[in-house]
Amino acid sequence: MSFIETTLYQKTKDIINRYGFIFKKNFGQNFLVDDRVLDKIIRAGEIDADDAVLEIGPGIGTLTEALAMSGARVTAVEIDRTLIPILENELRGFKNVRIINEDILRTDVRGLSEEYGRPLKVIANLPYYITTPIIMNLLEKELPVELIVVMIQKEVAMRMQAKPGSKDYGSLSIVTQYFADAYVAANVPRNCFMPRPNVDSALIRLKPHDVKPVEVSDRKMFFKFVKAAFSKRRKTLVNCITTSPDFDISKEKMTRALTEVNMDERVRGESLSIEEFALLFKSLFG
Ligand code: SAM
């Protein structure tokens with residue numbers, strides 16, 4: 001038996017054949033066909049019967065069924081209307097599941113949480129083409145979400161959880177960790193999906209902070225500052241910021257600010273923690 005010939009692999013093949021479903025590449029349809037990964041998602045989400053879950057992109061309902069079996073109330077939002085009759089039929093036994101045919105970027109997440117009377121857990125095997133917009137939309141708008149457990153491209157997951165000094169550390173690490181605790185709960189090889197994508201995946205767990213790790217006067221400007229700091233790899237922070245088209249900061253001003261916060265003027269963005277970035281930002285902009 002080969003690695004992916006699991007029960008779920010057979011079940012997926014059966015459903016696809018039975019309904020004559022045709023995969024749509026533009027919707028990022030790579031269905032999960034490994035039972036063990038499904039278990040890992042449920043465990044990382046710590047799903048129980050009290051939870052209200054928003055699933056993004058249920059596909060043929062594999063993960064939806066596992067979520068529903070825990071007793072949680074589940075709303076599954078699927079953009080592809082050809083999947084709706086399949087989902088409705090396959091999940092007809094579950095009274096705790098609701099299926100909505102919609103683009104997740106248009107879903108009223110706040111309204112859904114109000115309806116359930118509690119913050120949501122967002123659980124999904126996300127379509128690659130809109131991974132970052134979906135996650136950032138949830139985090140930046142500070143929607144009522146208590147936990148996000150999502151399968152995404154491995155490279156993006158590594159960047160989200162990276163710490164200063166590591167090769168994956170960059171502006172995405174800082175922006176993500178400003179909003180949430182991030183850690184990779186599992187690495188998932190490409191052969192766990194049908195059809196097999198060109199990249200490996202990882203399951204990332206994002207727990208939004210109750211209190212932000214740093215206080216900044218202007219959040220948008222802070223993120224722009226961080227982006228500028230990482231705009232040129234292997235260049236000093238002074239070089240990146242003073243040559244950035246987004247900021248009008250002289251070398252003298254930048255050096256003064258670094259001295260004020262006891263940082264070396266040859267420092268690079270790659271080595272600064274979010275706290276150090278915030279300190280420097282405050283020294284420059286108040
Ligand atoms: N959950 C299924 C699984 O794990 O096998 C399917 C995951 S597949 C990677 C992504 C799913 O998201 C597909 O069913 C796709 O049609 C759906 N999708 C793509 N873009 C979407 C969007 N903007 N809103 C809601 N669903 C979307």
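Author: This is a predicted model. Let's begin with strands S2 and S3, which pair in the parallel sense over 5 bridges.

Reader: Which residue in S3 is the bridge partner of Val53?
Author: Val74 is the partner of Val53 there.

Reader: And is S3 enclosed or open to the outside?
Author: Largely enclosed by the rest of the structure, because 5 of the 6 residues of S3 (residues 73-78) are buried.

Reader: What about S2 and S5, how do they pair?
Author: In the parallel sense, over 4 bridges. S2 covers residues 52-56 and S5 covers residues 120-125. Ile56 has Ala124 of S5 as its bridge partner.

Reader: Zoom out. What is the strand order in the sheet?
Author: The order is S4-S3-S2-S5-S6-S9-S7. It is an open sheet of 7 strands, and the pairing is mixed.

Reader: Which strands stand at the edges?
Author: S4 (97-101) and S7 (180-188). Each has a single partner strand, so one side of each has no neighbour in the sheet.

Reader: How much twist is there from one strand to the next?
Author: The average is 20°.

Reader: Which strands does helix H7 touch?
Author: H7 (residues 154-161) packs on the sheet and touches S6 (145-153), S7 and S9 (201-208). The direction of H7 makes about 135° with that of S6.

Reader: New topic. Which residues of H2 are buried?
Author: Val37, Leu38, Ile41, Ile42 and Ala44, in a helix that runs over residues 35-44.

Reader: Is Thr131 buried or exposed?
Author: Thr131 has a relative accessible area of 5%, so Thr131 counts as buried. This residue is in helix H6 (residues 131-140).

Reader: What does Thr131 touch?
Author: Leu126 and Ile152, leaving aside residues up to four places away in sequence. A polar atom of the Thr131 side chain also lies 3.3 Å from the backbone oxygen of Tyr128.

Reader: How is the protein divided into domains?
Author: Domain 1 is 3-208 and domain 2 is 219-285. Their C-alpha centres lie 36 Å apart.

Reader: How many residues does the contact take from domain 1 and domain 2?
Author: 13 residues from domain 1 and 13 residues from domain 2. About 1000 Å² is buried between the domains, and carbon and sulfur atoms give 66% of that area.

Reader: Which residues in domain 1 lose the most area to domain 2?
Author: Tyr169, Ile174 and Tyr178. Together they make up 48% of what that side buries.

Reader: Where does Asp210 lie?
Author: In the loop between S9 and helix H9 (219-229). Its relative accessibility is 81%, so Asp210 counts as exposed. From Asp14, Asp210 is 196 residues away in sequence and 44 Å away in space, C-alpha to C-alpha.

Reader: Last one: which residues of H9 are buried?
Author: Phe222, Phe223, Phe225, Val226, Ala228 and Ala229. Their cover includes helix H8 (171-179), helix H10 (237-242) and helix H12 (274-285).

Reader: And what caps the N-terminal end of H9?
Author: Asp218 does, with a side-chain oxygen 3.2 Å from the backbone nitrogen of Lys220.

Notes. Residues numbered from 1 in each chain as written. Predicted model: local features only at pLDDT ≥ 70, side-chain atom pairs only at ≥ 80, totals over all residues. Heavy atoms only, no water. Buried < 20%, exposed > 50% of the residue type's maximum accessible area, 1.4 Å probe, protein only. Helix = DSSP H or I, 4+ residues; strand = E, 2+ residues; numbered from the N terminus. Pairing = 2+ DSSP bridges. Axes fitted to C-alpha atoms, helices over the stretch in contact; angles between N-to-C directions. Contact = heavy atoms within 4.5 Å. Domains from an automatic or database assignment. Buried area = accessible area lost by both parts, 1.4 Å probe. Polar contact = N/O pair within 3.5 Å; in protein donor to acceptor, adjacent residues only side chain to side chain.
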